[in-house]
Amino acid sequence: MNAMGIIFANIYDSSLGELTNKRTMASLPFGGRYRQIDFILSNMANSGIRRVGIISRYKYNSLMNHIGSGEEWDLELQQGGLEFLNPYFTGNAPSYQGKLDALHSVADYLEEGSKDDYVVLADPSVLYNIDLNKVLEAHVSSGKDITVVTKAGIANGKKRLDLAIKLDEAGEISDLTVDLAAPEGYLASMGLFVIAKELLLYHVREAVARNRYRFERDFLSLQFHENNLTVGVYQHEGVVLFNESTQEYFESNLAILKRDVYQDLFFGNHPIYTKVRDRVPTYYGENSQISHCCVADGCVLDGAVKDSILFRQVQIAAGAQVENCVIMNDAVIGEGCVLKNVILDKDVVVRPGATLIGSPTTPVIIKRGEIV
């Protein structure tokens with residue numbers, strides 16, 4: 001079966017504060033070497049989806065630089081392959097009001113793929129390793145209008161979910177809620193949907209014509225509760241990391257220090273690919289103490305680091321103590337510094353002797369290029 005992909009690059013930009021001040025959610029660094037979009041791009045490419053559109057509103061230079069020609073994912077950055085869709089930059093749309101609005105603005109692109117029967121819609125804020133062929137097969141065999149990919153164990157009565165679903169004993173939907181901190185027992189949407197292209201285009205045009213712009217609330221929930229849409233559920237059994245807030249992003253990075261999480265996320269159904277940046281191997285100083293860390297290449301480590309994620313070319317001077325931190329590319333930490341529960345964005349310099357201490361629920365964040 002033929003399917004195309006649509007990725008919403010700017011989802012949850014506003015909830016990540018300084019981390020997405022100059023980049024999209026999709027291009028946010030993750031896990032030492034990757035960007036968040038790497039996961040859904042790899043899932044799509046490895047599942048045979050050859051035509052992928054990335055909808056972005058703004059701040060997409062970093063994303064374009066990362067993706068380059070698309071060769072790492074075996075996708076060609078040209079019409080008919082991987083394509084950037086920027087209606088809000090060119091003026092084709094006055095403002096962003098939701099996913100339905102975004103899809104309406106790129107309707108011509110959707111219609112171009114005459115061979116594509118289905119559309120896979122995805123948010124890069126949720127990370128997972130999934131075989132989309134199985135999802136597509138389940139969708140077709142179910143006969144439902146749309147399939148929502150979900151994860152159990154996320155709903156806890158505290159985290160607000162864009163879409164939460166409860167199933168009855170027969171496996172049919174007994175409740176479907178939007179923007180609710182659903183209690184335990186509900187399934188959380190992974191922001192991943194499969195729908196027939198023609199049906200999607202019909203509903204997008206109908207919704208926008210009536211000033212309805214939000215995909216989950218104004219289309220899926222509304223049409224389901226009015227009995228105009230049948231909804232299927234595909235439950236993903238693997239690791240799923242939600243990065244819809246600073247705290248979740250911090251916790252998700254540190255979660256890959258667990259072997260089972262790392263193996264499932266990066267090698268579960270297939271490898272996750274990223275842009276190749278060859279660097280020299282990391283240098284470990286004679287007196288360095290590195291324990292339970294994920295360390296990328298090109299680092300120079302002379303201090304003590306524990307339970308942390310170190311991206312490429314990080315420098316940590318002698319006498320520095322780093323614990324429970326996420327340190328992005330080219331950060332420099334001076335002698336005698338103490339960092340705990342900290343996120344350093346790219347190119348940050350921490351002067352010798354500085355102390356930065358946050359908490360596991362509210363990490364200290366130093367924005368890109370700052371000197372502290």
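Which residue caps the N-terminal end of α6? Asp-131 does so, with a side-chain oxygen 3.0 Å from the backbone nitrogen of Asn-133. A polar contact here is a pair of N or O atoms within 3.5 Å; within protein, one must be able to donate a hydrogen and the other to accept it, and residues adjacent in sequence count only if both atoms are side-chain atoms.

I note that this is a predicted model, in which local features need pLDDT of at least 70 and side-chain atom pairs pLDDT 80 or more, while totals for chains, interfaces and linings use all residues. Residues are numbered from 1 along each chain as its sequence is written, and side-chain values use heavy atoms, without hydrogens and water.

**Helix α6**

I listed the buried residues (under 20% relative accessible area, 1.4 Å probe, protein chains only) of α6, residues 132–142: Leu-132, Val-135, Leu-136 and His-139. Seen down the helix axis, they fall within an arc of 95 degrees, so they line one face of α6. I then checked their partners, and found that they pack against β1, α1, β6, β8, β11 and β12; contact means heavy atoms within 4.5 Å. Just after α6, I found Gly-143 with a positive phi of about 75 degrees.

**The five-stranded sheet**

I traced an open sheet with parallel pairing in the order β15-β18-β21-β24-β27. Its edge strands, β15 (289–291) and β27 (355–357), each pair on one side only; pairing requires at least two DSSP bridges. I recorded three bridges between β24 (338–340) and β27, where Val-338 stands opposite Thr-355.

Conventions
Buried < 20%, exposed > 50% of the residue type's maximum accessible area, 1.4 Å probe, protein only. Helix = DSSP H or I, 4+ residues; strand = E, 2+ residues; numbered from the N terminus. Arc of directions from axis to C-beta.
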